[in-house]
Amino acid sequence: MSANWPERISAFSRSPSQFLCSTTSDIFLAEVLHELRDDRASDHIKVLLLSPLLEHPTLLCPSVSVGEETALELMSVFAQCSPKSLPLRCHLLLALTSVLLCSCCVSSHTSASQDFLDLLLQMAQDTNDAQAGAALHPLRTTACDCLRELEACLPGLLSQRLELLSTLRQQENSRLHQAYTGLHALALRNAVYLLTQQKGSGAGDLKGALGSNEGFVWGEGSDSAHPNSESHSDLALFSPLTLGPMGKVPSLQTGQDCKELRSLLSSLLEESYLLTSLSQAALLRRLVEVLAMVPAVSPTIFRAQLLRLLGTCKVCLLHTTLLMKAAFTDSLFSAEDEAFLLKRLVGLSQHPLLSTPEKLFYMDCILHFPENRPISSSDESLPVLLTPRLAAALVPTVFNDSVSMLARLNLLSLVYLEEGEEDREGQGGRGLAYLYDHLTSLLHIVENQASREMVVTFFRASFLFLLHFCHVERYSEDLSQRLCDLYLRRTRLAPHLINLADRTQDRLEESGWAVALLRALQRTITEAPLSQLTLQDLRWHLRILARVAEEGEVLQKATLNFLLCVITSSSSALCVSGDWRLGNGVLGVCRRLLLHPSLDSLLTPLADLLQHLTCHYGETDIQDHARLYYTLLTTLSQEKLAGVLAQRGTERGRQAKVRSLSAIMGETEELTSGLTVHQTERPLLRLVKHEPDDCKPDHKPDSEPACETESSPGQGGIEEYRAQFQSSSFASEITLQYHLTHTGVHDPHFDKLFSIRLHFDLTDSHYEEVSDISVPCLFRTRKPPTVTLRLKPKQPYHTTLRASAIFTTEDGLSWHSPLADLNVAFPEVFLPLLTPLGWAREKKQRVFEGIWGEICSGQSEGDLTNAATSLFCDQLEDSAVGELVEKHFQRYLVSDLDKGRCKVLFFLPPQSHVLLKVITEEDAIQVHIATDNWKLLPYVNSYLEDITKESHSTQQVNGDV
Amino acid sequence: MPQLRLWTLLQGFSRPTSLCTHLHQRAPVDQAHTDSVNLCPVKTLDKWRYPTVEQRAKCMAGSLYVSVPEDGTVLQLLLTEMGLSDSDKPYMALRDDCLHQQRSPALELHVEGPSSGRVLWPVLVISQGSLILACLAMVDAPADPRPPLASLFSVSQGLTLLAGLQAFLCGSGSKPDREGLTSRLAMMPSILLQICPLGTPLDIPQLGASSASAMPTPAGTQKQPAWKTGVHRGRAVVNVALTEMVRSMQYGNRNRQDLWDVYGTVTCKCEVEGVLPNVTVTLTLPPNGSPLMDVLVHPCVSSLDASILTAMSVEDCDSSAFSGPYKFPFSPPLEPFRLCSYTSQVPVPPILGTYQLKDDDNQLRITVSLKLHESVRNSFEYCEAHLPFFNRDQMGSVDVKVSSGQLEVSKEKNLLVWVLGQKFPKSREVSLEGSVSFSGEHPGPTDPLCTDLTAYIKLYFRVPDLTLSGCCVDQHSVQVYSSAKPRIVTSRELLSSEYFIWNSTGTAPVSSGHMML
């Protein structure tokens, strides 16, 4: 088993959902924990085993109780670990943190999380390796990391321990002081924030908090029992205050007296140099937040660090200065500083030694530059100080990579847009001319066999240019002309051009540029000499013309003439070749023309074209479609034609027609969309469990020969019982019955449903595939039909089935609707002892005793290596036992309740048995359990717990009454 | 908290880094100049999820929360967004829509199709060679309206971490060596545990710290920097190396101004005893040298004078500006590091060239002349001029004479390599003349930019012990405050980088806006 752990873990990590199809999360978790406790497993494997808990704790520990149990297990593994297994112990701490936080144990204040916190704090207090020695550095660091994560997820948890954290930080001289600093800064920030939220707190409270050394603060106040971590209404605890959406920072009125805080901050700042850049940046940001909340301390204490930060080559540190600037504006940065910072950003955006992502980030920072006195607050706006002259350093060139090029084009477009507004002529200045030149040089590259990436980049650049400068006709008109020329040379760019037209039409509706482009493309295609037309080109032309035909404003005469020429010209091999796809392309254009507002003027040529296709096209399918279009064109009025063909904008009643005419859709994509099964927004149907009146099993194997009433008396009968299983179909199924009904969603459209086909998908591999079930009809007014679901278990576990339905509504549309997941509970898998007809009670009992004996003696006749016995006890009064037996065990009784004793046998297909001997003594119930499949024990146990719990509650209710 | 929800490392694709890829590569035509479509399957080499961060992300985003799908889906979405999926299809709406504005360092992954609005953002990506490093930063602000990228602290943290990991995995060279990469990849899980526990980036992995000489710190009152794994024991040595790169675009055209500039880096390796030893390196310029601009310093530099930062390349230089000496006091880490970098504008390019092509009936007549400026030391480690030709058939006859050096012809690659060797002749001028016919049977390499007579020469050279800016580190100016007197080694060199001379009879692409505006 252990040999394949690496493989199993990596399979889990690759796709947990797929992995859990073949097992359940609780089994997997149990296996993992079992292996972790195994002394023979190596540390390396154990570290690996922890990764599912580190990465997917919510999958494995979905509830507080499972999380708590798992955490206790992990803590005991941690306690038993050899002190030398450092990596394992570190991983255990991290896994514990993940499990406890993600299963909400910490927010529920469970005992395991309390113990864990104590453990962490105890480890963290060993500063300068006074006790454990330097070898334990990694462990101590990890303990601090875990504490920090706990504080981050439950802000304020350590807010009453600031003094301790401060002392630890000051004492530590090894590299670990970084971990203490991070922890301290976060706790400080959260504590100050919580103070700002308390009415009337001031300097005294702040001083108190800084010197506090009490316990942990669980949740948002000790009185509230356990705030769920998801119910934190106060998101500001997680988010950086200084840049909140309202820009409003809560403040703590302390007066001038906050010496303690000031000295604490200076000591943190002084040591910031000793931290790694990433930690330094995180610390500075925390301090910025603290200072923003305590106005009494002036932000000028950052001044000593500023030059060092402004000159840094690390993006995280420079970013921190920008955040400082956003928080403190002119109380920390003079106008000169601001100008310097902006110039610095422009310089960095094109620095030869920085990486592309860094440069892109700096460009983004220019677009969101925190100005001391911002004028507008729109999404992307240029800082006032960014002059065209300064921005010229960032003009796009063909030497840029495509992302940088687009970023620069965007930035410069904004710059020149402003400039253009100033020069009043609206024609743009030299800057705009440069951008357009750049666009044309990109176009030139695309013309010359550019790679796919360059083509895409060019169209993105064109779109960006049009977004900003569509109104400058000089350029937008020239661009559309150039695009037409480009298209003729590279017809396979058709999808890109259509995409560009679509997008500009969406975004720049009033400009009309897209229509102009389409018109120009139509002209280009129709006026090009036919002699040079290749079939490949024609295919793309048809795509473009179909798109052009969607525009009501564009006259379609030219298109029709072109098509007529192509189809009818004697030189054309098109008709003869009978290419189905090309034929469809032509029909696609025709179909749109049938909907065109100027159809009246197109009538004759279109009819000619369709007729020619009908008679001469070398493909029957195309001929048929053309004939249909011809008939529609010549017999229907324009309105009716539109009604028949139009897809969008019709009300539901019409859609039935659309679908029945789906075969006329000329293009493959429309063909499929016409045949599409529609999707309901919400589940419309549900399956409600239906208990048949007669509890008798209907699994009697009818193919089995009926046994004589008393065969071979004295024989154990167990062989005979076993013999039944030789038929593979014997007792292999469980049958569940449901009513199929509507859900609460009331939509008269779905009142009558026909041809319902229910489909079930397995979520694990414990069962054989379930075949679909057909239900003829379901009317809201009639009795719900019964659905019988037959399940064939491979493993007798509970399961969940994913159900969906396809059905037809009255108007002939097909719909697909998901159903709520179907849960098959563990007891639903039970069957009673299956014996041939007419067996006497005693004989059944003999079978029971026989199996019981085999299990208990451990003498395995068959494959009884999986056998196990167990005992379940609970307090239950005598009367309740009777009720319990009657309610839950009646079907499965082998011997009736007699003097508080009875025998119960559950058979679980395909081959498992669970035998119970129930014994009641006074107010207690003992259930002796024997099974030939030990893996079922946990389920049996929880089943028994459930039913006895139920009895308790009914007893309670009875008592109350 | 500035945190990451996910980080992932992929391998398998190579993609062009620039619109005109070859122009940026060290040896331009060595690589097959194709579309860089590499069809080997992309695989996830390493990845990590941070569930506790995920929980907070869920809290922050509320109803707009989008959970991270499983690895396979993430991979597919990422490749689509990067334009790398389905490379056999010329157009895919999902991938190539012009509405997708890829113009920031952060990508959006459309989890349930582009119209669903379910978006994972911001996904930060760095790719080098066939490696793609990506992480999803946590948005620690209300999700609606989407906060600007520049306001998210986790973004710069994520970028710093990715860049650090990239440097660690790929080393300093542009291409990762295979064996080193494999061994470093094996270390990734434990490294990530140290530098990014529970999704919080704390550090970047250190490269090449000599662990042999590093000793654990003695317990003392001085706090040890977190970026230093121990202290140095042994002989004190300080090594300061100054490398300058020169770029140039020469057009030989009166309407278009030639361009050149210089950027330099100072790399240090300091083996000095003490927990926090002080070292000062001073850069000096010659009396009328133009100031160093855009100075960037390593975070170990403890203080900076404001005047050092004032000069910037994006604005006109003030002749009265501060021009040194540039003092950099710092406490060195154990590993070699880049102390500072700068850019500079120098009055003349080291080599001035002209390049003329005449198309003569499928034959190109070539005239080249190169002149070494008199201020440049005539002592190269190597000097080569590469003349590639694109969009033509393979070379047939080559009839070219050079006044100095040798000519190597690579007919398959349509490349002439003019090896100039260690020295220019006394006159400091060399020339190349002749004609090349393109009568081969097979087409040569293609390039979308270099069509017709658009062609270039690219120069490769290295001059030891020289900087163009005149910047230097005097051995005596390196101050080390420690008990033992250290050995101090300084060096400098000049390297070419993107040094192009364009054919003056063809159209040449614009490389910078400054001259156009």
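Student: How many salt bridges join domain 3 of chain A and domain 4 of chain A?

Tutor: Side chains of opposite charge can pair when their charged atoms come close. This is a predicted model, and side-chain atom pairs count only at pLDDT 80 or more. Between domain 3 of chain A and domain 4 of chain A the count is one salt bridge. A:Arg722 pairs with A:Glu854, and their closest N and O atoms are 3.1 Å apart. Helix H35 (residues 718–723) of chain A gives the largest share of the domain 3 side, four residues. By class, that side of domain 3 of chain A, facing domain 4 of chain A, has eleven nonpolar, two polar and four charged residues.

Student: Where do these domains lie along chain A?

Tutor: The assignment puts domain 3 at 685–691 + 718–829 and domain 4 at 841–959. It also gives domain 1 (306–373 + 380–387) and domain 2 (395–527). The C-alpha centres of domain 3 of chain A and domain 4 of chain A are 29 Å apart. Domain 3 of chain A brings 17 residues to the contact, and domain 4 of chain A brings 20 residues.

Student: How do I read the area buried between domain 3 of chain A and domain 4 of chain A?

Tutor: The size of an interface is often given as the accessible area lost when the parts come together. Here domain 3 of chain A and domain 4 of chain A bury about 1600 Å² between them. Carbon and sulfur atoms give 66% of that area. On the domain 3 side, A:Tyr721, A:Tyr797 and A:Phe826 supply 32% of what domain 3 of chain A buries against domain 4 of chain A, more than any other three residues. As for polar contacts across this interface, the rule finds two residue pairs, both residues at pLDDT 80 or more.

Student: Now chain B. Which domains does chain B have?

Tutor: Chain B is divided into domain 1 (4–13 + 41–199), domain 2 (237–346 + 469–494) and domain 3 (351–465). Take domain 2 of chain B and domain 3 of chain B. Their C-alpha centres are 34 Å apart. Six residues of domain 2 of chain B contact eight residues of domain 3 of chain B. The area buried between these two domains of chain B is about 630 Å², and carbon and sulfur atoms give 42% of it.

Student: How many salt bridges cross between domain 2 of chain B and domain 3 of chain B?

Tutor: The rule finds two salt bridges across this interface of domain 2 and domain 3 of chain B. B:Arg462 forms a salt bridge with B:Glu493, with the closest N and O atoms 2.3 Å apart. Five residue pairs are in polar contact between domain 2 of chain B and domain 3 of chain B, both residues at pLDDT 80 or more. On the domain 2 side, strand S8 (237–250) and strand S24 (487–502) of chain B are the elements that give two or more residues. S24(B) gives the largest share, three residues.

Student: What area do chain A and chain B bury between them?

Tutor: Apply the general idea again: accessible area lost when the parts come together is often used to give the size of an interface. Chain A and chain B bury about 10700 Å² between them, with 63% of it on carbon and sulfur atoms. In chain A, A:Phe399, A:Arg452 and A:Arg460 lose the most area to chain B, together 8% of what that side buries. By residue, 124 of chain A are in contact with 119 of chain B.

Student: How many salt bridges cross the interface of chain A and chain B?

Tutor: The rule finds six salt bridges across the interface of chain A and chain B. One of the pairs is B:Asp140 with A:Arg285, where the closest N and O atoms are 3.4 Å apart. Across this interface of chain A and chain B there are also 42 residue pairs in polar contact, both residues at pLDDT 80 or more. Helix H22 (residues 452–469) of chain A gives the largest share of the chain A side, eight residues. That side of chain A, touching chain B, has 60 nonpolar, 38 polar and 26 charged residues.

Student: Which elements hold B:Lys223 and A:Glu271?

Tutor: First the pair: the side chains of B:Lys223 and A:Glu271 meet in a salt bridge, 3.4 Å from N to O. B:Lys223 sits in the loop between strand S6 (214–215) and strand S7 (231–232) of chain B, and A:Glu271 is in helix H13 (residues 259–271) of chain A. Over all chains, the count comes to 44 salt bridges.

Notes: Residues are numbered from 1 along each chain as its sequence is written. Chains are lettered from A and ligands numbered from 1 in the order in which they are written. This is a predicted model: local features need pLDDT of at least 70, side-chain atom pairs count only at pLDDT 80 or more; totals for chains, interfaces and linings use all residues. Side-chain values use heavy atoms; hydrogens and water are left out. Contact means heavy atoms within 4.5 Å. Buried area is the accessible area (1.4 Å probe) that two parts lose on being put together, summed over both. A salt bridge is a side-chain nitrogen of Lys or Arg within 4 Å of a carboxyl oxygen of Asp or Glu. A polar contact is a pair of N or O atoms within 3.5 Å; within protein, one must be able to donate a hydrogen and the other to accept it, and residues adjacent in sequence count only if both atoms are side-chain atoms. Ala, Val, Leu, Ile, Met, Phe, Trp, Tyr, Cys and Pro count as nonpolar, Asp, Glu, Lys and Arg as charged, and the others, Gly among them, as polar. Domain bounds come from an automatic or database domain assignment.
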